[in-house]
Amino acid sequence: MSDAAGGVSGDKIWLDGGFVDWDDANVHILTHTLHYGLGVFEGIRCYRTDDGRSAVFRLPEHVKRLYDSAHINLLEIPFPRDRVQNAVLETLRANRLEEGYIRPLVFIGDGAMGLHPGDNPIRVAVIAWPWGKYLGEEGMERGIRAKVSTFARHFVNAKMTKGKTCGDYVNSILAKREALLDGYDEAILLDTQGLVSEASGENVFLVKGGVIHTPPLTTVLDGITRDTAIELARDKGIDVVERSITRDELYIADEIFLTGTAAEVTPIREVDHRQIGEGSRGPITHTLQTAFFDVVSGRDAKYERWLTTV
Ligand SMILES: *Cc1c(COP(=O)(O)O)cnc(C)c1O
């Protein structure tokens, strides 16, 4: 997904109910999802807390969304939810990972080759690997440069925006590669009406006059980090408004930041060659970033409920 993810490796992968060696976690070339993209996944992070634990951030919410994504796509996951939730913890332990990124993946196995998957098996994998800052350490402090993509976010009735569906990420990859080839760090996509939607794999927020604004859930993924940022902001007495946002509102925002499990809370310092605010991480972004890392590091007792100890 990014340069930082180049060549991940590990020891064990949870596949269809048990562990296999990393190098043996292979599938047949006729795997249905490989051809047509109907599969769903999650991205989850585990953090090392200040008191020396390993804690998965908002694990039940991520597993719930995995099942919701599958439900939206008429995929029946052949395991109860708690089994997959436990598999996440077991995979971290099996790979002796104190912190890292966890990728549950639900896909359609081989068998029928038509678009209708027939009774091909629904398969489940859980993979975990170490993963640093998705948009770079420097980006977290200085802010990154973003481009409004020439690719629109899918129309809501062309793909289902509430699922993390494998094939939908063709749209994200087109936008991400365009942004990188054009010398930017990330892409912001507009919806088919021309309103700000989200980044290739992150939700978008802007700050104007001390108030945080973010697009409503209509065309965007219901990000768990988005929800976290909204709750942490309101907790600090900062107003958050969900409303339609136009492209030029981004240009004249005081601050812009992205949220996502991979990107965490990442400031944006420039959009389409327009400097945003002071051209560096803004104060509200910094406040939320600090609050976020306090929570995931177990420094904020109030949000201990969001941590599942491995
Ligand atoms: C995963 C994702 C996000 C962020 O969701 P989180 O739950 O915060 O990780 C936002 N947008 C898209 C398109 C995504 O795939």
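Let's start at the ligand: one of its oxygen atoms lies 2.7 Å from a polar backbone atom of I224. Taken alone, the ligand would expose 380 Å², and the protein buries 96% of that. Keep in mind as you look around that this is a predicted model.

Where does the ligand sit? You will find it in the largest cavity. Around the ligand are 15 residues, and the closest are K164, Y169, E198, T225 and T261.

| Residue and part | Ligand atom | Distance |
|---|---|---|
| K164, polar side-chain atom | oxygen | 2.8 Å |
| E198, side-chain N or O atom | nitrogen | 2.6 Å |
| I224, polar backbone atom | oxygen | 2.7 Å |

Now turn to the nonpolar residues. In soluble globular proteins, nonpolar side chains tend to be buried together. The largest nonpolar core here has 31 residues, and those touching the most other members are I188, V204, L250, I256, L258, I268 and V271.

Take I188 as an example. Leaving aside neighbours within four places in sequence, its contacts include V204, L250, I268 and V271. E198, one of the closest residues to the ligand, is also in contact with I188.

Methods: Residues numbered from 1 in each chain as written. Predicted model: local features only at pLDDT ≥ 70, side-chain atom pairs only at ≥ 80, totals over all residues. Heavy atoms only, no water. Core = buried A, V, L, I, M, F, W, Y, C linked by side-chain atoms within 4.5 Å. Buried < 20%, exposed > 50% of the residue type's maximum accessible area, 1.4 Å probe, protein only. Contact = heavy atoms within 4.5 Å. Near = heavy atom within 4 Å. Polar contact = N/O pair within 3.5 Å; in protein donor to acceptor, adjacent residues only side chain to side chain. Areas by Shrake-Rupley, 256 points an atom, 1.4 Å probe, with all protein chains shown as cover. 1 Å grid on protein atoms, 1.4 Å probe; cavity = no way out; pocket = protein on both sides within 12 Å on 5 of 7 lines; lining within 4 Å. Sits in = over half its atoms within 2 Å of the grid points.
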